[in-house]
Amino acid sequence: MSSEQEHLKETDTEARFEFKKEEKSAFKADKGLTEETIRVISEDKDEPEWMLQRRLRALKQFQKMPMPTDWPGQPDISEVDVDEIIPYIRPDVDVRAGVDDWTELPEEIKDTFDKLGIPEAEKNALSGVGAQYESEVVYQNMQERWEEKGVIFCNMDKAVQEHEELVREYFMTKCVPPSDNKFAALHGAIWSGGSFVYVPEDTTVDMPVQAYFRMNSEGMGQFEHTLIIAEKGSEVHYIEGCSAPKYSAFNLHAGGVEVFVKEDAHVQYSTVQNWSKNTYNLNTKRAIAEKNGRMEWISGSMGSKATMLYPSTILKGRGASDNHITIAFAGEGQDIDTGAKVYHNAPNTKSTIESKSIAKDGGRTNYRGLVHIADGAENSSTAVECDALMFDNDSTSDTMPYMEINESKVDVAHEATVGKIGDEDIFYLQSRGLDDDDAKQMIVSGFIEPITEELPIEYAVELNRLVELEMEGSLG
Amino acid sequence: MSTKAIESLSEDTVRRIAEERNEPDWLVETRLDALAALESAPLPDVIQTPGRKWTDLEALDFETLVDPLNQADTTDRDADGDVVVCSFLEAFEEYGDVLEESFGSVIDPTENYLTALSVALFTTGTFVYVPEGVAVEDVTVRAEMNSRSLFSQTLVVAEESASVTILESIESGADVADDRYFSNLVEIVAGENANVQFGSLQNLSPDTYTYSLKRGDAGTYASINWIESNFGSRLTRSDVETELNGDGSESQIVGTFFGHDDQHFDINARVWHRAEHTTADLVTRGVLDEEARSVYEGVQDVGVDAWNTSSYQRENTLMLSDEAEADASPKLIIHNHDTEASHSATVGQVDAEDLFYLESRSIDSQVARNMLVEGFFVPVLEEIAVDEFREDVEALVAERLR
C-alpha cells in the first residue's frame, strides 16, 4: 500500500472525527438554564449591559414558547431537555479571544484541529480561519492583506467588545429575532463563540474564510453565532465545518447564522455538517438580500442524530437572488429533516433550490421547504428540484414542499423524484469489473455530483470522502 | 383544536332524521356514534406555515349553517343495465346487508368533525351496487340543493370484475337568503379486478360552503379513477383519496378548478400505496381569476410493503389576476425503496409570447387570453374518458370566461 493510501486508511470516521479528548475546562457552567446561568456566562465574557439584557429577553421568549412538536412528520426531539445540557464550557486557554498561532494552543486542542486538517487547509486555500472548541473560539487568524482592506474576521465574543456598534445594530435584531422559534430563543439566551465577518464596500475576498466548530465534551450544547455583513458590491465565501465525538448522552447544537447581503453584494455560505450521531442539530440560518444581492447556501448534512434546519433567504431588494444547494445523507438512526425557505418580497427576484438526499440503513431524509412570493413581487421566478435516492426498505424518504404564491406575474416550478438505486446501473458497473460496493459508491457520487461540483475543490473532496465513509462496508 | 358544539343538535334530531327514513338499527347507531364523536373530533387538518394557515375552517359558523331538519334536495338518478342505483331508503330492504357491510368501511364516520357531522345528519345520497361481472357506463346522478344545509352520503360497491362509470353533479336550486353548507361523503369499494370511474362536478351558488370527502378502497387489480371538478361555492374543501390496498391496483385522480370573485378552493388529492405493483397518477389543473385563492395538497404515500410502486403527480395553476393567490404542497412520503415516484407543481400566468402570437394574428386580446385558458385545461380534459363529463367541464370553463 502506498503512503497515500495509508493516509486514506487513516481517514476512518473513528480516527478522523470521533476521537475524544480529556475534558479540560477553565469554566464550566452547571447543567440547565436559568437567569443565573445567563448572568454568569455574560459576566464571564465581560459583556456590555445591553447584551445581557438581550440574552435575558431571549430567555423569557424561550420559556414562553412551546417545543415544536406539531410539524407533519418531524423528527423526534422529545429527548432534547435543555435542563440536561451544559450550555457553556470555556476551554482552558490563555488568550481569551483566540490565538493566531496554532502552536500556542494546548496540545490536546491543537492535536484535535490537526487531525481535522484545519491548519493544513489554512495554508493552502483559505483567507482566514477561526476554530471553536466547546463554547469559545480558540484560534483566529486572517491574512494581513485582508485586514489592510478593512475586512473583519473575528470571533463573535470579541466583536461584541471591539465592534460594539455594528453588533448592537445587527445582532438578532433584523434577521433572526429570538422570537423566531424556540431554539432561536434558546440561542439568543446562551449563545457563545462563532464568527463575525465584515466585508467593506466593493471588496472581494477571493479565497474563502473558514470556521470550524468542535464539540468535545459529553452532554454539552454548542450555540455559536455567526454574523456576516457584506457591504455594497462586496463578495465573500464563508465555510463552516463541524464535528464532535460520539457519546451516549445527547449533545445539542443550536447555532444562529445571520447574513446581510447588501446591494450588489454576493455571499456564499457553505457548510459541511458532520456532527456525531448523538447530536441534535437545531439551527437557525437566515440571510437578507438587498437590491441585486446574491445569496448562496451550500449545505452537506451528513451527521447528527436529528437535524431540523431550513436555511432561509429573504429577497428584500429588487433583483436579489438566492441559490440553495443541499445534500442530505441519513444512515442508521439518523433523521435529517432539512430544506430551504425563500421569501420573495421584491420584484425581479429569483431563487433556485436543488436538493439531493440519500437514505439508507433505516435513515430518514425529508426535504421540507417553503417558497413564498409576496403580492407585488412581479417577474419573480423560483425553481425547486428535489431528488432522493433510497437504498433499502428500512429507510424513509419524504418530500414536503410548500409554495405560497400571491403574485400572478411569476414563474414557479417544483419538481421532485424518488427512486431506488438502479439494479441495471449496478449490473453494468459490475460487468465492468467493479464490485458491488464500489458500484454503489460510484452511483452515489454521480448522484450528488451536480452539487459537489459547486463546492470549492477541497470541500468537494471532503464531502465525497464523507459519503464514501458512510457507504463503506455497510452495504451488501 | 377545539371544535364547536352545535346547540340545536341533539340525539332527538338524529333519531328524527333516522325515523322519518325508517332506517335500520345499525345505521341509527352509526349516526348516534358520529354525533357523540362531535364532542372530541378535530376539524380536518389544514396546512400551516409560519404565521399562516392556508384554510381557516374554524371560522365556519356551524351553529347558523346547519339546519338539520329542513334539508331539501332534488336528485335524479339515471342508469341502464344490470346495476342498482337508488337512494339508501330504497336500498335498505333488498340490499341492507351490502349497505351494512360497506357503509363506513372506507371513511370512518368519526374520522373528523365534518365527517361525523355528515354521517349524523345525512338525508340524501346514492347507493350504487354493481354485481360481479357487470359493466355499465352511464350512471348519472344530478342533484340540486334546495335548503340551507344538505348532507349527502354516497356508497359505491363494485363486485369482482364489475365496471362502472358514475357521473355526479351538484348545483344550487331554490335560493336561500343565508350562507349555506353542503357536505358530500363518497365511499367506493372496488372488489378484485373491478373498475370504477367516478366523476364529480360541483357548481354550487357562491354563498355555499362545501365539504367533500371522497375515498376509494381498491382491491386486487382494481382501478379507481376520480375526476373532481370544482367551479362553485365560496369555500370548497375537497379531499379525493384512494387506498391502493390490493396488489396491482391503480388509481388516477384528475382535478380541475376555476375560481373567481373571492372563491377559496382547498383541493387535496391523496393516494396510499399499501400493496405490491400499484400505480397512481394525480393530475390537477386550476385557474384563478380576480381575488380567488387556491390551496392544493397532493400526497403520495408509499408504505413499507408497497414493492414495485409507480406514483406520479402533477399540479399546475394559472393565475389570471394579480389579486389571486395560489398555495401548493405536493408531498412524497416513501417507505419502500422499490419505488419510482415523482411530483411537480407550477404556478404561472398566461404566457406573454403566446398571447403576443395570437394578437399578431389579429385575435382580440381578451379572446386570445380565453383561448389560452381553455388550452390550459386540455391536458386534464384529455385524461377524462367520458365525453359528456368533458363537455360539461368545457362548457363551465367557457361560461366563466365570458
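Student: In which sense do β25(A) and strand β20 of chain B pair, and over how many bridges?
Tutor: In this predicted model, β25(A) and strand β20 (residues 339-349) of chain B pair in the antiparallel sense over nine bridges.

Student: Which residue stands opposite A:Asp411 there?
Tutor: B:Gly348 of β20(B) stands opposite A:Asp411.

Student: And the contact between the chains as a whole, how many residues does it take from chain A and from chain B?
Tutor: On the chain A side there are 31 residues, and they are in contact with 34 residues of chain B.

Student: Which elements of chain A give two or more residues to that side?
Tutor: They are β24 (396-405) and β25 (410-420) of chain A. The largest share comes from β25(A), which provides 11 residues.

Student: What confidence does the predictor give the complex?
Tutor: The complex has an ipTM of 0.88 and a pTM of 0.90. For chain B, the mean pLDDT is 94, and 99% of its residues reach 70 or more.

Student: Back to β20(B). Which strand runs parallel to β20(B), and how many bridges join the two?
Tutor: That strand is β18(B), and 11 bridges join it to β20(B). One of the paired positions is B:Gln313, whose bridge partner in β20(B) is B:His343.

Student: What else pairs with β18(B)?
Tutor: Strand β16 (residues 279-288) of chain B pairs with β18(B) in the parallel sense over 10 bridges. Here B:Ala280 has B:Ser311 in β18(B) as its bridge partner.

Student: Is β18(B) largely enclosed or largely open, and why?
Tutor: Strand β18 (residues 309-319) of chain B is largely enclosed by the rest of the structure, because eight of its 11 residues are buried.

Student: Zooming out, how many helices and strands does chain B have?
Tutor: Chain B has eight helices and 20 strands.

Student: Why would one call chain B as compact as a globular protein of its length?
Tutor: The radius of gyration of chain B is 21 Å, close to the 21 Å that the globule rule gives for 402 residues, so chain B is as compact as a globular protein of that length. Along the principal axes, its C-alpha atoms fill a box of roughly 70 × 50 × 45 Å.

Student: What percentage of chain B counts as buried?
Tutor: Of its 402 residues, 53% count as buried. As for contacts in chain B with a separation of 6 or more, 83% are accounted for by residues 24 or more positions apart.

Student: Now the domains of chain A: what are their bounds?
Tutor: Chain A is divided into domain 1 (13-309) and domain 2 (424-476). The C-alpha centres of the two domains lie 31 Å apart.

Student: How many residues does each domain bring to the contact?
Tutor: Domain 1 of chain A supplies 11 residues and domain 2 of chain A supplies 10 residues. On the domain 1 side, the elements that give two or more residues are α6 (118-125), β13 (266-274) and β16 (294-301) of chain A. Of the elements on that side, β13(A) gives the most, with three residues.

Student: How do the residues on the domain 1 side divide by type?
Tutor: The side of domain 1 that touches domain 2 has seven nonpolar, four polar and no charged residues.

Student: Last one: is A:Glu148 buried or exposed?
Tutor: A:Glu148 counts as exposed, with 8 C-beta neighbours inside 10 Å. Its place is in helix α7 (residues 144-148) of chain A.

Technical notes: Residues are numbered from 1 along each chain as its sequence is written. Chains are lettered from A and ligands numbered from 1 in the order in which they are written. This is a predicted model: local features need pLDDT of at least 70, side-chain atom pairs count only at pLDDT 80 or more; totals for chains, interfaces and linings use all residues. Two residues are in contact if their C-beta atoms, placed from the backbone, lie within 7 Å. Helices (H or I, at least four residues) and strands (E, at least two) are DSSP runs, numbered from the N terminus. Two strands pair if DSSP finds at least two bridges between them. A residue is buried if 20 or more other C-beta atoms lie within 10 Å of its own, exposed if 12 or fewer, and partly exposed in between; C-beta atoms are placed from the backbone. The radius of gyration is taken over C-alpha atoms; the globule rule is 2.2 Å times the number of residues to the power 0.38. pLDDT is the predictor's confidence in each residue, from 0 to 100. Domain bounds come from an automatic or database domain assignment. Ala, Val, Leu, Ile, Met, Phe, Trp, Tyr, Cys and Pro count as nonpolar, Asp, Glu, Lys and Arg as charged, and the others, Gly among them, as polar.
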